[in-house]
Amino acid sequence: MTIIFIRTLILYALVIFSVRLMGKRQLGELQPSELVITILISNIATLSLEDTDIPLLQGILPVLALVCFEVLSSWISLRFPAFRKLVSGTPQIIIRNGEIDQDKLRELRFSPDDLMASLRTAGIFSVEEVQFACAETNGTVSVLRKAGKQPAEKADVCAALQDADPPRTIIADGILREQALQEEGLDRAWAEDVLRRAGLHSDEVFLMTADASRQFTIIPKEVQA
Amino acid sequence: MTRVWLSFGILLALTALCIGSVFAVRSECRRYEAEAASVTAALADGDTAAALAACDGMAGDWRRFRTVCGIFVKGSKLAPIREELEALPPMIEAGMPESAACAARLRYRIGNVESETAVFRCF
C-alpha cells in the first residue's frame, strides 16, 4: 500500500509537470497529436500506478518521452508549415458564400446533423444565416454570419470608445497581490489609502478589483455569526 | 524556447539512461550468469563444496543484482531467480540429481532478464 501511495505521488507530480511542460496550448482545444498524447499519458500513468510489478522508471520514461516528443513536434510544426500540415492537417472550408460544400462534408465524414450541431454550438440555428464556415484542425467549426445577421457592435453606432484592459484582482480573501498592483501601475500605498477611506483593513476584504484608471470595487468579507 | 530546450535535454537524458541501463543490466546479468555457470561446472565435476560456495557467493551478490536490474526490469522476471537461488543449496546439500537442472534453470532465467534489454524486442 505504501509503495502504491508513493508511486501515486511521484506519478501525480510527473503528470502535472508533463502537462505544464506541454504548455497552455495543450489545455484548450486538442490537436490530433495532442489528443493522442493525452490518451497515452493517462493510460501509461494508470498502468504504472496499478501494477507494482512494473518498475516506476518504465512508467516515467514513456510519459516524459511522449511529452518531449510533443513539445519538439509542436516546435517543428511552428518552424515548418509542411510538417504542421502533415501532423495537424489543414482547416477545411465547408460553407462558402452561404453554400454548403457537400463533397467536402462527405470527405470529412461530417453528417448534416454534425454540421447543424456545430452551428448550434456557435449560436446559429439556421444554416441560412451562415456566410462562411470552416472545420478547424482541432475539430471545431468556425462560423462567420452573413453581414445582415451579424450582431451590431458599439463601433457600428459610432459610440465614443476607449480601449481598456479589464480590472485585476488586487485583494483576494484578505491577501494583497503586489504583482497585480504593479502591473496596473498602482502601488500598496494607493490600495491602503482606498481601504482606509472605505473603513476597512485588507484582512477584512473578500475581493477587491481595480484597473489602470484607478476604478475599483471592494467586497468586504461577510461577518460569520 | 525554454520548453523546447528542456524537452531536448530530457530526451537526451532519457536516451543516455536507456543506453546506460542496457549496459548496466547486461553486465550484471553476464557476471551473474558466469557465477551460475560455475555452480553448474562444480556440479558436473561432482564438487559439492565448490558448488555450495559458488551458491553462497551468488546469494550474497543477489542484492546488488536485484538493485541494478530491479530498476529496469519487471519484478516478475526477477522473482523466479530468487526462488531458484533459494532452492538450489538445499538440493546440492541433499545430493539431489535435480540440482544440476535447477542450476541450468537459474542460468536460463538470468538470460531471460538479459534478453529484456535486447533492442530487437521492440518489434
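**Notes on the interface and the sheet**

1. About 1,600 Å² is buried between chain B and chain A, and 75% of it lies on carbon and sulfur atoms. Of the area that chain B buries against chain A, 32% comes from B:R3, B:V4 and B:L11, more than from any other three residues. The model is predicted, and these totals use all residues.

2. Chain B brings 18 residues to the contact, and chain A brings 18 residues.

3. The count of salt bridges between chain B and chain A is zero. Four residue pairs in polar contact are found across the interface of chain B and chain A, both residues of each pair being at pLDDT 80 or more.

4. On the side of chain B that touches chain A, α1 (2-44), α2 (48-72) and α3 (75-93) of chain B each supply at least two residues. The most come from α1(B), which gives ten residues. By class, the residues of this side of chain B are twelve nonpolar, four polar and two charged.

5. Chain A has an open sheet of four strands in the order β2-β1-β3-β4, with antiparallel pairing. At the edges stand β2 (99-100) and β4 (141-145) of chain A; each has a single partner strand, so one side of each lacks a neighbour in the sheet.

6. Within chain A, strand β1 (residues 92-96) pairs with strand β3 (residues 130-135) in the antiparallel sense, over three bridges. Opposite A:Q92 stands A:A135 in β3(A).

Definitions and conventions
Residues numbered from 1 in each chain as written. Chains lettered and ligands numbered in written order. Predicted model: local features only at pLDDT ≥ 70, side-chain atom pairs only at ≥ 80, totals over all residues. Heavy atoms only, no water. Contact = heavy atoms within 4.5 Å. Buried area = accessible area lost by both parts, 1.4 Å probe. Salt bridge = Lys/Arg side-chain N within 4 Å of Asp/Glu carboxyl O. Polar contact = N/O pair within 3.5 Å; in protein donor to acceptor, adjacent residues only side chain to side chain. Nonpolar A, V, L, I, M, F, W, Y, C, P; charged D, E, K, R; others polar. Pairing = 2+ DSSP bridges.
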